Amino acid sequence: MGKGPADFNISRFYNLKKKLMKMISATIDDIEAMVLIDNIQRLGISYHFDVEIRERLECIYKGGFVGDCDAELYVVSLRFRLLRQHGYRVSSDVFNKFKDESGNFNSCLSKDVIGILSLYEASHLGIQGEEYMDEALAFSLKHLKASGSRLEPELAKTVKHALELPMHFRMPRLESMYYIKVSERDLGRNQDLLEFAVMDFNMVQAMHKQELKEVTRWWRDLGLADMLTFARDKIHEWFMWPVVISSESEFSVGRVDLTKVVAFIHIIDDIYDIYGTLDELQQFTDAIKRWDPMVTRGLPEYMKTCYLVLYDVASDISFKIFKNHGLNVMGHLRQAWTSLCEAFLVEATWFNCGYVPSKEEYLKNGVTSSGVHVALVHAFLLLSPHVTRETVELASHNSQLILSPASILRLWDDLSATVDEKERGYDPSYIECYIKQHKDETEENAKQHTRDLIATMWKKLNQECLDPSPFPHSITKMALNSSRMVQVMYQSEIDSVGSTLKDQMKSLLLEPMSLNS
């Protein structure tokens, strides 16, 4: 008989939490501690144990890699990945011991599939200039692909899952849902850990369902979908962004507000892309710059309505930030929306003139028109436990922490450009701009260059998440999660990896987990 959400026992939940806290602190052996922390993270419950995990990893970090001459590839890779995930600037030189005299990874390692898998997962946390990590990825990828036919069924499934998308690129909530199911099949599982994970998943899911009801009601009552029949109407998919960026229970109100922001990014994008005339778009951009409801008099009715609702949403968010953190952020929100509309206007002008920019010019504007900057600025304000003036100022400028996710979205979006999108409104893509500059290159070469650039942006993002960083870990995690959303959303579409975003969203929000006794 399975234990579902109806069996939720709040007293049992908190007793398990206390028990697991003690377990983390009491685990003396480093390897056992690392395996436990890794399981906790993959089950999606690490946010309950931030202090205990940080303290334990600090001990592991300070202990260094001294005396690890006999350590297995699995252990060294796991330690490297966990420490990098938590911002520790550990050196990739730790993998040198696994190389032969020629400087290549030792071929005898190919028999250690679990170690190779651990190396593969660690290799995706590399930063620019780390040749060891590039070599580790190539080596592990080659041997994992070749290992399939000789593996036990359960390990074969694990390898297949990792090859579809590495852990570092996966959306945390989806990964926890997958890992709960994997853990249930593990005879050596920690039953308390699994029970707590199932209870937490269902509790958070129930909260997300209520949030979705609230944003759906807001969207329906707003009536914009009926008025702007040309625009996208995907409130359920837009809600996925806040859920992925930060799913913790304490940010429920913030997720509802962030969904409204994401909705307006898409609505305004469609206005500029496929409906407004160039003169109307110039007027709308000027009105956004002035940020005054009184300047809407000359706008078409559909633009006026959109403008006034956006103004109300931004004002409400600004008021909440002032109430909760004592900061006036309206100027920063206004600047974010102004930058977005100016970037949209540049693209509309290019389209109307038939102009194809250089790839550098295109990407510079494209990272802004992606909307990621607007989304993350709002996310940093709405989904952070502590908002400071310094953080607001840093977020308002295009730091690499924002530029990397924005570039990843823009480039993946261009790779996935469909006939339907071109019919809706055609802008030049990065691929088209690249081919224009490199006339001897094929479209396939241009696409591979784009994928390579996405990989570079991931390395830059990894770099930004290492200490010392001007941003707290709660914010760097949001930037990572937004990039993971993009990676899953587009890679499932382009490479036919896993299920579609729509199917994943349905599972995540509508299917509660149950614990088999």
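**Figure 1. Helix H18 in the lining of the largest cavity.** Helix H18 covers residues 389-396. This helix gives the largest share of the lining of the largest cavity, namely three residues. The model shown here is predicted.

Figure 2. How many cavities of 30 Å³ or more does the structure hold? There is one. The space in the largest cavity comes to about 30 Å³. Leu327, Asn328, Val329 and His332 are among the lining residues. Arg389, Val392 and Glu393 also line the cavity. By class, the lining splits into three nonpolar, two polar and two charged residues.

**Figure 3. Helices H5 and H7 packed together.** H5 runs over residues 113-123, and H7 over residues 153-164. Their axes lie 11 Å apart and meet at an angle of about 20°. H5 is therefore roughly parallel to H7, since angles under 35 degrees count as roughly parallel. The crossing of H5 past H7 is left-handed.

**Figure 4. Side by side: the residues where H5 meets H7.** Which residues of H5 take part in the contact with H7? They are Val113, Ile114, Leu117, Tyr120 and Glu121. On the H7 side, the partners are Leu155, Thr158, Val159, Ala162 and Leu163. Sorted by class, this contact of H5 with H7 has eight nonpolar residues, one polar residue and one charged residue.

Methods:
Residues numbered from 1 in each chain as written. Predicted model: local features only at pLDDT ≥ 70, side-chain atom pairs only at ≥ 80, totals over all residues. Heavy atoms only, no water. Axes fitted to C-alpha atoms, helices over the stretch in contact; angles between N-to-C directions. Helix = DSSP H or I, 4+ residues; strand = E, 2+ residues; numbered from the N terminus. Parallel < 35°, antiparallel > 145°, perpendicular 65-115°, else oblique. Left-handed = near helix turned anticlockwise from the far one by under 90°. Contact = heavy atoms within 4.5 Å. Nonpolar A, V, L, I, M, F, W, Y, C, P; charged D, E, K, R; others polar. 1 Å grid on protein atoms, 1.4 Å probe; cavity = no way out; pocket = protein on both sides within 12 Å on 5 of 7 lines; lining within 4 Å. Points joined across faces, edges and corners; volume = space filled by probe spheres on them.
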